[in-house]
Amino acid sequence: MIGRQIVYETEVGSTNDLVAARGARGEAEGFVLVADSQTAGRGRRGRTWYSPPGSGLYASVLLKPPAEVVGLLTLAAAVALCEAVRESTALAVEIKWPNDLLAPGGRRKLAGILVEGSASGSRVEYAVLGFGINVGPSAYPPEIRDRATSLEEELGRPVDASSVLSHSLAALDRRYDDLLDGRAAAVLARWLELSPGARGARVTWAANGVVREGVTAGIDAQGALLVRTPAGVERIVSGEVTTCSWR
């Protein structure tokens, strides 16, 4: 289903915005927009996603999921993209909760996922699953070099972005089907396999203006991150988790 129609653009504002507009006009599920660059790319919490031409993979997918699986779309997408990068490049990338792909070693970010949507009451009208993958070193600004990287830097060779894209769309289709067909538990189990920092990593996060600290203890059936603290196990469903030692 995903990739039944793919449109390529040289430059757009935001692939997520354009696919959302398609969703509002009644475009069928599975539509994909791929851009060589974005002038207004964004990540979680409104952060800018640097998207210069010829250096990254920027794409958004239109989905129309039932409400009960919407909360797991980000984790399912993380599994799919992690598997796709591994299959297409042999680079052993890993997942950091909830939406980042990290280079081996778990310190520098390679890719991010942003899921947005529109609902009417309890009914989901559509969801837009956007992702960006750093293919070459110019995909991110030099000032964040200590926490960002690219496939070509990690591999030390050129990378065929079209192969990464085709593997990504196939993997997204496969993992989305898992959610629709009631195999969410398998998706979450695979997520844990691909996220070595999801258990035993020391992390901090902010709750009601207070910085908290604990040790990761996996995820629950809704995809929330579990963190063990002196007061018990905390359940984190949103916000920023900062790693002291993600793995």
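This is a predicted model: local features need pLDDT of at least 70, side-chain atom pairs count only at pLDDT 80 or more; totals for chains, interfaces and linings use all residues.
**Entry 1: the cavity**

The structure holds one cavity of 30 Å³ or more. I then sorted the lining by element. Helices α3 (73–89) and α5 (161–180) each supply at least two residues. The largest share, four residues, comes from α5.

**Entry 2: helix α5**

I followed α5 next. The helix has 20 residues and reaches 28 Å from its first C-alpha to its last, close to the 28 Å expected at 1.5 Å a residue. I checked burial along the helix. V164, L165, S168, L169, A171, L172, D173, R175, Y176, D178 and L179 are buried. For the spacing, I kept in mind that residues three or four places apart in an α-helix point the same way, because there are 3.6 residues a turn. After the helix comes G182, with a positive phi near 80°.

**Entry 3: two hairpins**

I moved to the strands. β5 (residues 100–102) pairs with β6 (residues 109–120) in the antiparallel sense, over three bridges. L101 stands opposite A111 in β6. The two strands form a hairpin with six residues between them. In that turn, G105 has a positive phi of about 105°.

β6 also pairs with β7 (residues 123–134), again antiparallel, over 10 bridges. Here L114 stands opposite G130 in β7. How many residues lie between β6 and β7 in their hairpin? I found two, and G121 in the turn has a positive phi of about 65°.

**Entry 4: backbone exceptions**

I wrote down the general rule before the exceptions: most residues other than glycine have a negative phi, and most peptide bonds are trans.

The peptide bond from W97 to P98 is cis, with omega near -5°. P98 sits in the loop between β4 (94–96) and β5.

A90 has a phi near 70°, a positive value in a residue other than glycine. A90 lies in the loop between α3 and β4. Is A90 buried or exposed? A90 counts as exposed because its relative accessibility is 69%, and the cut-off is over 50%.

N208 is not a glycine either, yet has a positive phi of about 55°. I placed N208 in the loop between β8 (199–207) and β9 (210–219). N208 is exposed too, with a relative accessible area of 83%.

**Entry 5: the largest pocket**

I turned to open space. The largest pocket holds about 1,100 Å³. Of its 47 lining residues, R47, W49, D100, K109 and R147 are the closest to the centre. The elements giving two or more residues are α1 (15–24), β3 (56–63), β5, β6, β7 and β12 (241–245). β12 has the largest share, five residues. I counted the classes as 18 nonpolar, 18 polar and 11 charged.

**Entry 6: the second largest pocket**

The second largest pocket has about 400 Å³ of space. It is lined by 24 residues, and V70, G71, T74, V115 and V237 lie nearest its centre. α3, β6 and β7 each supply at least two. Which element gives the most to this lining? I found β6, with seven residues. The classes are 13 nonpolar, eight polar and three charged.

Technical notes. Residues are numbered from 1 along each chain as its sequence is written. Side-chain values use heavy atoms; hydrogens and water are left out. On a 1 Å grid over the protein atoms alone, a cavity is a set of points where a 1.4 Å probe fits but cannot get out, and a pocket is an open set with protein on both sides within 12 Å along at least five of seven lines; lining residues have an atom within 4 Å of a point. Grid points are joined across faces, edges and corners, and a volume is the space filled by probe spheres set on the points. Two strands pair if DSSP finds at least two bridges between them. Buried means under 20% relative accessible area, exposed over 50%, partly exposed in between (1.4 Å probe, protein chains only). The expected span of a helix is 1.5 Å times one less than its number of residues. Ala, Val, Leu, Ile, Met, Phe, Trp, Tyr, Cys and Pro count as nonpolar, Asp, Glu, Lys and Arg as charged, and the others, Gly among them, as polar.
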